[in-house]
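Open the model in your viewer and keep the selection tool at hand. The stops below follow one after another.

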Amino acid sequence: MEVLIFPDAQSLARKSADLVESQIKTFPDSVIGLATGSTPLGLYEELIRRHNEHDLSFAGVKTFNLDEYVGIPANHPQSYRTFMDDNLFSKINIESSNTQVPDGMADNPLDVGPAYEKMIEEAGGIDLQVLGVGTDGHIGFNEPTSSLGSITRVKTLTKQTIEDNSRFFKPDEFQPKLAITMGIKTILDARRILLLAHGENKAEAVKDMIEGPLSAMCPASALQLHQRTTILIDETAASKLRLKGYYKFVGEMQDELVRKHRPSDWISR
Ligand code: F6R
C-alpha cells in the first residue's frame with residue numbers, strides 16, 4: 001500500500017485527478033471503476049475542469065460504478081446513476097453506453113451480479129478503480145463481515161450506513177436498505193486502485209484499513225492484499241495513523257525514485 005497524505009481535500013483531489021488523467025492519456029480506452037458519495041466529488045470536478053480547459057477526452061473510456069441501491073429507479077434523484085450523470089457523465093464527452101451502473105430495478109436483483117461481472121470481464125477488466133471508504137470501513141457496499149472473496153451481489157446495508165446516507169433522503173421517503181455492489185474480490189481484481197478519504201470522521205476507518213489487522217470487520221483492510229493500491233488522504237483522515245511520519249518519509253523517497261527511474265510506474269497496463 002502506498003499512503004499519500006495531503007494538507008487538504010483540494011490538493012488530494014488534484015493529485016487523484018493527475019493519476020486518472022495519466023491513465024486515460026496513456027490508454028485512451030481505459031476501463032475505470034468509479035464511486036459515488038461526497039469523497040470523489042473534488043476529483044470529478046477536477047476531471048471536468050481538465051476536460052473543459054485542457055481537452056482531456058473520455059471518448060474511448062469505459063466506466064463501471066461500484067454500486068447502486070435496490071428499489072429506486074435509475075432516474076430517481078438519489079440513485080447512483082443520477083449521481084454519476086449529474087456529477088460527471090453529463091459534463092464530459094463519455095458515451096452513455098460506455099458507462100455502467102448496476103441495475104437496481106432488475107426483476108431479479110440476484111441476477112445482476114453475475115451479469116455485471118461478465119460485463120467487466122468482457123471489457124477487459126478494470127484498469128483503475130476509484131474508491132471511497134465508509135466510516136465503518138466499507139468499500140463499495142461491502143459492509144463489515146463481507147467475504148473478502150466476494151463478487152458483485154446484493155448486500156444488506158448496516159444501520160450505520162443507512163444513517164450516514166439518510167441525509168440524502170427526505171424523512172418520509174423510502175430509503176433503500178439493500179444495494180447491489182461489486183464484491184471485494186471484484187475490487188481486488190482491478191489492476192490499480194486509488195482510495196480517497198478526507199475528514200476526521202474517516203480517521204478510525206483509515207487507521208483500521210492501513211494499520212489494522214486484515215479482517216472482514218474492516219473490508220477496506222483487504223486492500224492490504226493488493227499490489228498496486230494508493231491511499232490518498234488528508235491530514236484529518238490521517239490523524240489516527242501511528243506511522244504517519246513514516247508514510248510521509250516513504251512518499252518523499254518514492255518521489256525521488258520514481259522521478260528518476262520510472263516516471264510512469266503507476267500506469268496500470
Ligand atoms: C459509493 C461507495 C461507498 C462510499 C462510502 C463513502 O459508491 O461505494 O463505499 O465510497 O460510503 O461515502 P462518502 O464519500 O459519501 O463519505
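Does D189 count as buried, exposed or partly exposed, and at what relative accessibility? The model is predicted, so treat each stop as a feature of a prediction.

**Stop 1**

Select D189. Its relative accessibility is 48%, and the cut-off for exposed is over 50%, so D189 counts as partly exposed.

Elsewhere, salt bridges with shared partners join D18, E21, K25, E46, R49, R50 and E53 into one network. Select those seven names together.

**Stop 2: R50 and D18**

Keep R50 and D18. Their side chains meet in a salt bridge, 2.8 Å from N to O. This pair links distant parts of the chain. R50 sits in helix α2 (residues 41-54), while D18 sits in helix α1 (residues 9-26). The two are 32 residues apart.

Next, colour by accessibility. R50 has 7% relative accessibility; buried means under 20%, so R50 counts as buried. D18 has 33% and counts as partly exposed.

**Stop 3**

Move to helix α4 (residues 109-122). Select K118 and E122, both in this helix. They are four residues apart, about one turn of the helix. Their side chains meet in a salt bridge at 3.5 Å, N to O. E122 is exposed, with a relative accessible area of 60%.

How many salt bridges does the model have? The count comes to 14.

**Stop 3: the ligand**

- T36: a polar side-chain atom lies 2.8 Å from an oxygen atom of the ligand.
- S38: here a backbone N or O atom lies 2.9 Å from a ligand oxygen atom.
- G140: again a backbone N or O atom, this time 2.7 Å from an oxygen atom of the ligand.

Taken alone, the ligand exposes 410 Å², and the protein buries 91% of that.

**Stop 4: T82**

Where does the side chain of T82 reach? It reaches the backbone oxygen of A74, at 2.8 Å. Show the neighbours next. Leaving out residues up to four places away in sequence, T82 touches A74, N75, H76 and P77. T82 has a relative accessibility of 12%, below the 20% limit, so it counts as buried.

**Stop 5: a nonpolar patch**

Finish on the surface. Select L243, Y246, F249 and M253. These residues form a nonpolar patch there. Together they have about 420 Å² of accessible area.

Zoom in on L243. Its place is in the loop between β10 (229-234) and α8 (244-261). L243 is partly exposed, with a relative accessible area of 42%.

How values were computed. Residues numbered from 1 in each chain as written. Predicted model: local features only at pLDDT ≥ 70, side-chain atom pairs only at ≥ 80, totals over all residues. Heavy atoms only, no water. Buried < 20%, exposed > 50% of the residue type's maximum accessible area, 1.4 Å probe, protein only. Polar contact = N/O pair within 3.5 Å; in protein donor to acceptor, adjacent residues only side chain to side chain. Contact = heavy atoms within 4.5 Å. Patch = residues over 30% accessible without salt bridge, like charges linked within 9 Å, V, L, I, M, F, W, Y side chains within 5 Å. Areas by Shrake-Rupley, 256 points an atom, 1.4 Å probe, with all protein chains shown as cover. Salt bridge = Lys/Arg side-chain N within 4 Å of Asp/Glu carboxyl O.
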